[in-house]
Amino acid sequence: MIPRTLFGDDHQLFRDTVRRFMEAEVAPHHARWDEQGYVDRDLWSKAGAAGFLCPSMPEQYGGSGVDILFSVILMEEQFRIGATGPGFGLHSEIVAPYILHQGSEYLKSTYLPRLATGEMIGAIAMTEPGAGSDLQGIKTSAVKDGEHYILNGSKTFITNGWHCDLVIVVARTDPDAGSKGISLFVVDTTMPGFTKGKRLHKMGMSAQDTSELFFDQVRVPAQNLLGEEGRGFACLMQELPWERLQIALTGVAAAQAALDWTIQYTRDRQAFGRSVIDFQTVSHKLAEMKTEIAVGQVFIDRCIELKLANKLDAETASMAKYWATEMQFKVMDQCVQLHGGYGYMHEYPIARAWADARVQRIYGGTNEIMKELISRTL
């Protein structure tokens, strides 16, 4: 494979540490978490103690103050073992940055240190039963009442939703202002009127605690407003490219893991007196997948470089998310085929990875929406 030039010696040492953590603390338990529908809460405390939560946050707020490549490594190593349960990436590189970039000093000093230790688990509530990729269609409302906003509505498909202690809620503060009537709020889940719904039973990502959230006359202090009222949509558009790149980079990492498992399986599996990998139709298919993953990795690494230089735009991030996740699922499907009947058995990691991969083309904005965003630049 083409050597990756993004990472230095410190990054490699960190990768080794993360890999040991994932293999010791995550891999042995993931099958059980799949069955129970969520990861054990103490995993978050262990990750926090190891410095694996919010590493790119400034040290004054409990982070390590390192570059986002450390977070990239955490995501890649998690998906390398097929562990889709821990919602570390969303917690550390979506929720925390919203607070860091848009929050007041009060919000940053109150919540970021607790996110960094794992004392609090973060989620972001955008999607509603009637509004997914079209964020301007949300109905959840926030009405100003003195020093508070009164929050009403519901959200669904919320990652970390069942475990969460803090939620960034996208709500409408002006029903007549379109995209300029949307605001963001930091909601503590202990606030009266906030309730969590059932954990949702999904096709894949069974260990990820995805759930519904409900807001019934929740009084949110005005100081918990993120940024300015009516600027929520603009804030979302500012952060979404990085979110979509995270989906893309995990897609490439997951595809590489699937290929590695399949190469090993086809070496070990015998048919007609020889290893399956020795059949040309199999080796050529593996060669195709290896090439597509290599192409994807180079593009994603370039996108990461753009993000490091604060030059990643919405168009490029949309391309990355669309292409990488389509490639990921194509690779997964072919790897299942090369496993034969065993590829359909849940005990094999490729079967779970295939089911987990399907949602990558949906969340973060469907791939149809990604194409629409790209086409606007034509």
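Visitor: Where is the place of Gln360?

Guide: Gln360 lies in the loop between α10 (349–357) and α11 (367–375). Helices here are DSSP runs of H or I with at least four residues, strands are runs of E with at least two, and both are numbered from the N terminus. This is a predicted model, in which local features need pLDDT of at least 70 and side-chain atom pairs count only at pLDDT 80 or more, while totals for chains, interfaces and linings use all residues. Residues are numbered from 1 along each chain as its sequence is written, and side-chain values use heavy atoms, with hydrogens and water left out.

Visitor: Is Gln360 buried or exposed?

Guide: Buried means under 20% relative accessible area, exposed means over 50%, and partly exposed is in between, with a 1.4 Å probe and protein chains only. Gln360 has a relative accessible area of 1%, so Gln360 is buried.

Visitor: Which residues does Gln360 touch?

Guide: Contact means heavy atoms within 4.5 Å. Not counting residues up to four places away in sequence, Gln360 touches Ile247, Thr250, Gly251, Lys321, Thr325 and Gln328.

Visitor: How many disulfides does the count come to?

Guide: A disulfide is a pair of cysteine sulfur atoms within 2.5 Å. By this rule the count is zero. Cys164 is buried at 0% relative accessibility, and Cys303 is buried at 1%.

Visitor: How is a pair of aromatic rings described?

Guide: The description uses the distance of the centres and the angle of the planes. Rings of Phe, Tyr and Trp (its six-membered ring) pair if their centres lie within 6.5 Å; planes under 30 degrees apart are stacked, over 60 edge-to-face, and the rest tilted. The whole structure has 11 aromatic pairs. One of them, Phe14 with Phe70, is edge-to-face, at 5.0 Å centre to centre and 70° between the planes. This pair links distant parts of the chain, with Phe14 in helix α1 (residues 9–26) and Phe70 in helix α4 (residues 69–80), 56 residues apart. Phe14 is buried at 14% relative accessibility, as is Phe70 at 12%.

Visitor: Why is the pair of Trp44 and Phe88 edge-to-face?

Guide: Their planes are at 85° and their centres 4.9 Å apart, so the pair is edge-to-face. Trp44 is in helix α3 (residues 41–49) and Phe88 in helix α5 (residues 88–102), 44 residues apart.
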